Each structure stands twice: as structure tokens, then as C-alpha cells.
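Please look over the helices of this protein and the loops that join them. Keep the sequence and the structure open side by side.

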Amino acid sequence: MSIQTKLNIGLFGFGVVGESLWQVLQSNTSLQAQIKKVCIKNPEKTRNAPQELFTTDANSLLCDDSINVIVELIDDADAAYKIVTTALLKGKSVVSANKKLIAEHLPELLALQQETGASFLYEAACCASIPVIRNLEEYYDNDLLQSISGIVNGSTNYILTKIAEDGLDFATALKQAQLEGFAESNPALDIEGTDAINKLTILLAHAYGIVTDPKKLVCNGITNLHEQDARYAKEKGLAIKLVAHARKQEDGNVAAFVLPQFLKSDSRLFNVRNEYNGVVIESALADQQFFNGKGAGGFPTASAVISDLSALRYNYRYEYKKLYYSQPQQLADEFSLHVYFSFDVDSALPADFFDNREEWASNGERSVVIGSVSFSKLKDTTWWKENGNSLVALPDVFIDKNGKPASTKARKAALV
Ligand code: HSE
């Protein structure tokens with residue numbers, strides 16, 4: 001496809017994002033892009049677009065040679081997989097926002113891109129309006145990239161903000177996030193942390209060349225947070241956020257996980273509120289950089305899709321530089337985390353869970369322990385996120401065996 005090529009789009013899905021994309025393309029002429037046909041699941045639904053635009057026949061888009069771009073914006077990851085792979089095999093460029101599909105099928109999708117040479121772009125799949133994928137892909141050298149930490153799910157951030165600032169209960173805040181169009185069709189993906197871990201999986205590939213199964217990454221969402229945790233946060237002036245981390249350790253391997261975290265007011269993520277996402281990138285020479293923007297919703301997500309469409313006009317493809325042109329990093333297992341753990345007083349805490357206990361308190365109902373835990377204990381078991389147990393990362397989550405904030409190799413290596 002060249003800059004002169006007009007983008008003739010076959011769109012799958014006309015939900016919040018699909019309709020926003022349609023509306024934007026109606027008024028935008030500079031992009032030279034038009035939606036030829038939209039494939040939807042339910043033809044009975046009333047939609048704000050001409051009836052003749054819609055079809056339920058996927059093949060009428062996939063087999064139409066005049067359609068050179070497929071934009072996939074549906075919520076069913078299995079159906080999306082078929083659409084995306086068929087389109088790539090037919091030589092069409094594909095734009096997707098489907099983080100579940102991409103994270104769960106990354107190895108196959110990488111192979112298919114190599115085999116077909118077709119462009120497969122998905123900036124909208126991570127942090128919606130924040131251009132984090134292309135930045136990681138193009139700008140940051142693997143050796144210099146120390147860490148990425150971010151609020152990457154808008155719905156959970158919206159819920160936590162509404163609970164902390166407006167006193168809403170969890171169910172009402174979730175309902176509001178759904179009504180605003182931020183949540184997944186299955187909101188369990190948001191609140192249990194799966195959506196965030198899928199996004200982290202994608203970021204790991206572009207930041208460090210790590211291709212991993214998202215189900216193997218340590219993850220906990222916000223469903224286990226207890227009132228005691230909120231009280232602790234309030235007493236100490238902390239915010240609770242769901243934070244994804246990828247951080248190069250001393251040995252060069254990368255620690256990666258998603259956990260709720262207490263943040264101090266000096267953290268750049270502290271003031272990321274509502275459906276906004278925030279990503280802090282630390283590189284050895286530049287130190288911290290902070291990206292902040294809307295992480296969910298129709299137009300913010302459509303803005304990333306539009307940016308991908310625009311990139312297709314100059315034949316942009318991800319090169320997966322960290323994977324193919326340098327030594328990919330490995331995931332780290334041997335490191336410790338500084339955590340807060342609250343649990344019902346009737347539950348037993350395995351004696352060897354904490355390597356080091358700094359504080360232990362109980363109010364007769366709930367016990368709280370603060371200390372350091374080996375990451376492998378979180379990786380190899382799940383009891384710590386079951387039965388009312390709540391584990392929250394502390395602000396200085398990376399800690400060494402002596403209880404000191406852990407340092408990384410990257411900065412030292414870059415500066416010598
Ligand atoms: N449900 C997702 C979120 C949508 O809340 O972040 C954007 O990926």
C-alpha cells in the first residue's frame with residue numbers, strides 16, 4: 001500500500017469504538033479512508049448509520065478484493081482470530097483493538113505477519129489514546145529501557161477513583177463504567193486484571209522482545225480489595241491503583257506482573273484518575289517519561305485506530321525490533337516484592353510466605369502483614385488471591401533481600 005492508496009475499509013463491529021470510528025471518518029477527508037461495509041452480529045439492532053452499510057456475512061468483506069484494510073473491533077476474541085488471520089492471509093492490512101486476541105495468539109500472529117508481509121497494527125489495544133506501542137517499538141532501545149509501569153485499564157481506574165473520591169460502592173462504580181462504555185462486554189476481564197495482563201503481554205513484546213503466554217504472568221485485579229485496604233490507604237494518604245509493571249532486574253531479566261498498588265502522592269500515577277491511563281517509562285539516560293491520556297471510550301480508542309490507518313498509508317509495519325534484531329530479554333523469576341497483605345483473622349497465613357515481616361497488626365477481624373515476598377511464591381500459588389485475601393504492592397514494590405529498594409542493571413550499564 002502506498003501513500004496514494006485510498007483505504008477501503010471493511011469494518012467488523014459497530015459498538016462504542018466502531019461507531020465512533022464511523023463518525024470520525026464521515027467528516028475526515030484528509031485520511032482518504034472510507035468504510036465500505038460493516039459486518040455485525042445482530043442485524044435487528046438500530047444503528048446510527050445507513051442500513052445498506054451493514055451485513056452479517058463476514059466473507060462479503062474478507063473476499064472483497066476492493067477492500068484493502070480490515071478493521072476488527074469486535075469483543076469476541078475467537079471470532080476476531082478467524083477474521084484477522086483470514087484477512088492477513090488474503091494480503092489485506094489489518095487494524096485491531098483486540099488485546100485479548102493479540103495477547104493470547106501473539107506467536108501465531110507474529111508468524112503470520114512474517115509469512116504474509118501484511119501490516120497488522122493495534123495501537124488501540126494498549127491504553128487506547130496513548131501511543132505507547134509505537135513509542136516502545138520505535139524509540140526506546142532495549143538496553144536503555146529500564147522499566148515500564150502503568151495504569152493500563154481505564155475501567156478499574158474509573159471504579160477505584162469513584163470509590164475513593166465519591167464514596168461509590170464497587171457495584172455502582174462498575175455499572176457506571178459499563179454505562180460509559182469503558183468496560184469490556186465481560187467486565188470480569190477488567191476487574192480481575194485479565195485485560196491489564198493482556199496489555200502488559202503486548203507491551204513486553206514491543207519493549208523487550210518477550211513473547212509470553214499472558215496466563216503465565218502473575219496478575220490480580222481489584223475484586224479482592226477489602227475495606228481495610230481502603231482505610232489503610234486513607235490513613236497514609238495513599239491511592240490504590242491497578243498497576244502493570246515490567247522492569248529490568250540486576251541480571252538483565254525482566255520482572256513483569258499486574259497487582260493493585262498503593263501509590264504515594266509523588267508518583268506520577270497518583271493523579272491518573274477515572275478512565276485515564278498513565279504510563280511511566282524509565283530509561284537509563286532520559287530518566288522518567290510520563291504518558292497520560294484517556295485509556296477507554298469510543299473516541300479515544302478510535303483516535304488510535306485512525307492513527308494506525310494513517311500509518312498504513314505509508315506502509316508502516318511493526319518490525320518487532322527487540323525480538324528480531326536484538327537479543328530478546330527473558331522474564332525474571334528471582335526477585336522480591338514489598339507487599340501489604342490483609343486477610344481474615346480466621347485464615348491461616350503460611351509461615352514461609354513472607355521472607356521478612358516488618359509489621360503485623362490485627363483489629364480482631366482483619367490481620368495485616370507488611371513485608372517482602374519472593375516473586376516465585378506469587379507465581380507458583382494462587383491462595384494469596386482467594387478466600388478474601390488481599391495483596392497490594394507497596395509504593396516501593398521492588399525490594400532486595402536486605403529490604404532496600406532494588407536497583408537495576410540498565411542504568412549502571414548505560415552510564416559506565
Ligand atoms: N475495558 C478496557 C479498559 C477498554 O477499561 O481499559 C480499553 O482497552
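The model is predicted.

## Helix 7 and helix 8

Helix 7 spans residues 154–166, and helix 8 spans residues 170–179. The two pack at an angle of about 135 degrees. Their axes are 9 Å apart. That angle makes helix 7 oblique to helix 8. The crossing of this pair is right-handed.

Helix 7 brings Ser-155, Tyr-158, Ile-159, Lys-162 and Ile-163 to the contact. From helix 8 come Phe-170, Ala-173, Leu-174, Gln-176 and Ala-177. By class, the contact residues of helix 7 and helix 8 are seven nonpolar, two polar and one charged.

## Helix 3 and helix 5

Here the pair is helix 3 (residues 77–89) and helix 5 (residues 106–116). The packing angle is about 15 degrees, and the axes lie 9 Å apart. Angles under 35 degrees count as roughly parallel, so helix 3 is roughly parallel to helix 5. The crossing of helix 3 and helix 5 is left-handed.

On the helix 3 side, the contact is made by Tyr-81, Val-84, Thr-85, Leu-88 and Leu-89. Helix 5 supplies Glu-108, Leu-109, Leu-112, Glu-115 and Thr-116. Six of the residues in the contact of helix 3 with helix 5 are nonpolar, two are polar and two are charged.

## Helix 10

Helix 10 runs over residues 194–208. At 1.5 Å a residue, its 15 residues should span 21 Å. The end C-alpha atoms of helix 10 are 21 Å apart, which agrees.

Just after helix 10 comes Gly-209, with a positive phi of about 70 degrees.

## Helix 1

Helix 1 has 12 residues, which should span 16 Å at 1.5 Å a residue. Its end C-alpha atoms are 18 Å apart, which agrees.

Which residues of helix 1 are buried? They include Val-17, Gly-18, Glu-19 and Ser-20. Leu-21, Trp-22 and Leu-25 are buried too. The cover over the buried residues of helix 1 includes strand 1 (7–12), strand 2, strand 4 (69–72) and helix 12.

## Positive phi in two loops

Gln-32 is not a glycine, yet it has a positive phi of about 55 degrees. Gln-32 sits in the loop between helix 1 (16–27) and strand 2 (33–39). Its relative accessibility is 36%, so Gln-32 counts as partly exposed.

Asn-315 also has a positive phi, near 60 degrees, in a residue other than glycine. Its loop lies between helix 12 (298–312) and helix 13 (321–324). With a relative accessible area of 43%, Asn-315 is partly exposed.

Where is Arg-317 found? Arg-317 lies in the loop between helix 12 and helix 13. Its relative accessibility is 33%, which means that Arg-317 counts as partly exposed.

Arg-317 and Phe-120 are 197 residues apart in sequence. In space, their C-alpha atoms are 6.8 Å apart. Leaving aside residues up to four places away in sequence, Arg-317 touches Gln-113, Gln-114, Gly-117, Ala-118, Ser-119 and Leu-121.

Methods:
Residues numbered from 1 in each chain as written. Predicted model: local features only at pLDDT ≥ 70, side-chain atom pairs only at ≥ 80, totals over all residues. Heavy atoms only, no water. Axes fitted to C-alpha atoms, helices over the stretch in contact; angles between N-to-C directions. Helix = DSSP H or I, 4+ residues; strand = E, 2+ residues; numbered from the N terminus. Parallel < 35°, antiparallel > 145°, perpendicular 65-115°, else oblique. Left-handed = near helix turned anticlockwise from the far one by under 90°. Contact = heavy atoms within 4.5 Å. Nonpolar A, V, L, I, M, F, W, Y, C, P; charged D, E, K, R; others polar. Buried < 20%, exposed > 50% of the residue type's maximum accessible area, 1.4 Å probe, protein only. Expected span 1.5 Å × (residues − 1).
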